Amino acid sequence: MLDFSLVTQFFPFLLEASWLTIELTVLSIILGLILGLIAALMKISNSKPLMWLADFYLWVIRGTPVLVQILLMYFALPQFGIQLDAFVASVLALGINAGAYIAEIYRGGILSVPKGQVEAAESLGMTYPTIMRRVVLPQALRVSFPALGNQAISMLKDSSMASVITLPELMMTSQRFAATNYAFFEFYIVAAGLYLLMTTILSFFLNKMERRMSKSER
């Protein structure tokens, strides 16, 4: 017999855990955007060492599960004298993981900008950083925005993996209440509903921003 009254009793705690999930997602996305841009610029640079370093970063991060990366960040680093709490370890692991995928998104957007525009900017005497900041990156961002939005949604769902290091986000909190009250279906279905609500709201705002960017491009 299903009993959702238990979920109602603990619902404020689930909402609080959802807020922690949102914080974790936002900070991880910000870190991923920064690392992704750096890696993309390194990958398209003329410096072989920078290109190799970027390739190595993408190879390692994209070739290993994010779950393993979270566990390494939280349990392995203390062996080298680096102790991180669960929240910081989760942000770093998820952000570093996202950065590897965002780098390829950025790179595709940058390469989509016509070379003629870059050559025209060079003929005007613009430096490389100025060209990237004023000509290339704004256009690359518009092209990359849909893929970046999908990455953000994936990050929100992947944040549930932080539960393995006992971070009290939505998944961990749901697991704890489900186990102590023997109400697995009730708590997990409500957790799924909260994740669905968060991804729906995020998708709504991302679609709105994408339409606004499309209008400004015309």
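**Exercise 1. The pair α2 and α4**

α2 passes α4 in a left-handed crossing; work out how the two helices lie and which residues join them.

*Solution.* Before starting, note that this is a predicted model, in which local features need pLDDT of at least 70, side-chain atom pairs count only at pLDDT 80 or more, and totals for chains, interfaces and linings use all residues. Residues are numbered from 1 along each chain as its sequence is written, and side-chain values use heavy atoms, with hydrogens and water left out.

Step 1, handedness: a crossing is left-handed if the near helix is turned anticlockwise from the far one by less than a right angle, and right-handed if clockwise.

Step 2, geometry: helix α2, which covers residues 48-62, packs against α4 at an angle of about 120°, and the two axes are 9 Å apart. α2 is therefore oblique to α4. Axes are lines fitted to C-alpha atoms, for helices over the stretch in contact, with angles from 0 to 180 degrees between N-to-C directions; under 35 degrees counts as roughly parallel, over 145 as roughly antiparallel, 65 to 115 as roughly perpendicular and the rest as oblique.

Step 3, contact (heavy atoms within 4.5 Å): from α2 come Tyr57, Leu58, Ile61 and Arg62, and these meet Ile96, Asn97, Gly99, Ala100, Tyr101, Ala103 and Glu104 of α4.

Step 4, classes: the contact of α2 with α4 holds seven nonpolar, two polar and two charged residues. Here Ala, Val, Leu, Ile, Met, Phe, Trp, Tyr, Cys and Pro are nonpolar, Asp, Glu, Lys and Arg charged, and the others, Gly among them, polar.

**Exercise 2. The pair α4 and α6**

Describe in turn the angle, the handedness and the contact of α4 with α6.

*Solution.* Step 1: the axes of α4 and α6 lie 8 Å apart, and the packing angle is about 140°. With that angle, α4 is therefore oblique to α6.

Step 1: where α4 and α6 cross, the sense is right-handed.

Step 2: sorted by class, the contact of α4 with α6 has 15 nonpolar residues, three polar ones and one that is charged.

**Exercise 3. The whole chain**

How many helices and strands are in the protein chain, and what box do its C-alpha atoms fill?

*Solution.* Step 1: the protein chain has eight helices and zero strands, where helices (H or I, at least four residues) and strands (E, at least two) are DSSP runs, numbered from the N terminus.

Step 1: read from the N terminus on, the order of elements is α-α-α-α-α-α-α-α.

Step 2: taken along the principal axes, the box filled by the C-alpha atoms is roughly 75 × 50 × 20 Å.
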